[in-house]
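Please look through the structure below before reading on; the paragraphs that follow begin with the whole chain and then turn to two of its residues.

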Amino acid sequence: MYKTIPGLMLVMLAACAGPSAEEKARKDYHEGEAPVAPATPAGTLRVNIEGREKDTSKVTFFWTVDSLKYEKSFNDLPLMQNLADTSLYKVLWDAPNSVWIGFIKPNRDTRYYHGTQDGKSLRILWVPSPPQRIYNYIEKEMGLGDAIRNYEKVTRYAKSIQSGQIIAEFVVDLRNATPEKVGVYMEFGGVRREVELATPAGTKPYIMAVAEDHCVVGLEMEDGETEDIYEVKVVNGRIGYKQIKTVK
């Protein structure tokens with residue numbers, strides 16, 4: 001049986017139900033209102049990467065705090081090829097016992113891991129979506145991804161490569177442009193394909209070769225920011241493409 005709560009009691013309950021200081025601090029931390037101040041680590045962290053040339057690499061973290069030792073491996077990390085460690089990943093200590101590690105993936109997206117200490121326990125987990133404040137600091141202040149953002153932007157890429165048993169010219173070309181769109185032509189080993197890329201007013205289409213067999217095609221905005229739209233790649237002698245984002 002439902003009972004009616006007097007109006008005065010409702011007001012009192014509403015007043016008492018506001019966010020606690022802890023809840024507000026947590027909200028600030030995740031939504032970007034709290035500034036990031038890099039901290040002095042309480043211990044040491046070493047990152048080891050195996051199988052860089054493979055589609056997915058194995059990354060192992062070795063973390064030590066005083067007498068505590070922790071080792072954690074992840075076997076399914078796709079990594080951007082041909083980047084030095086200083087460009088491939090960045091490490092941010094946002095507290096003495098809290099560390100974030102961000103990696104660049106082949107599609108130029110990122111993968112983040114977070115290490116924390118709870119008493120005598122250390123752990124590192126994959127984090128699908130780090131707090132915006134952390135993401136912005138690592139991407140903008142620490143420069144994760146700068147190396148690939150600074151790749152040369154072209155309107156045609158052509159290079160003779162070997163993939164599988166096939167040696168042929170890998171071609172990605174922007175052609176048949178109109179004010180509203182441009183054709184993205186791709187070719188390898190006799191296979192040809194063309195898809196359309198919408199070009200809203202103020203945008204400029206580009207091609208970036210991130211590896212000899214891997215290109216991204218996207219749009220440069222008026223403010224210089226870039227958006228990758230298509231990924232074109234040759235794998236085991238076959239050319240293919242994937243749409244990364246939708247043009248708005």
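Strands, in the sense used here, are DSSP runs of E with at least two residues, numbered from the N terminus. The model is a predicted one, and its secondary structure as a whole comes to 5 helices and 15 strands.

Among the contacts with a separation of 6 or more, 44% are accounted for by residues 24 or more positions apart.

Serine 57 has a relative accessible area of 1% and therefore counts as buried, the cut-off being under 20%. The side chain of serine 57 reaches the backbone oxygen of glycine 51 at 2.9 Å. Once neighbours within four places in sequence are left aside, the residues in contact with serine 57 include Gly51 itself, along with Ile49, Glu50 and Arg52, and also Phe74, Asn75, Asp76, Leu77 and Leu79.

Alanine 168 lies in strand E9, made up of residues 166–175. With a relative accessible area of 16%, alanine 168 is likewise buried, because that value falls under the 20% limit. Setting aside neighbours within four places in sequence, alanine 168 is in contact with Lys159, Ser160 and Ile161, and with Phe188 and Gly189. For glycine 189, the C-alpha to C-alpha distance to alanine 168 is 5.4 Å, although the two are 21 residues apart in sequence.

Methods
Residues numbered from 1 in each chain as written. Predicted model: local features only at pLDDT ≥ 70, side-chain atom pairs only at ≥ 80, totals over all residues. Heavy atoms only, no water. Helix = DSSP H or I, 4+ residues; strand = E, 2+ residues; numbered from the N terminus. Buried < 20%, exposed > 50% of the residue type's maximum accessible area, 1.4 Å probe, protein only. Contact = heavy atoms within 4.5 Å. Polar contact = N/O pair within 3.5 Å; in protein donor to acceptor, adjacent residues only side chain to side chain.
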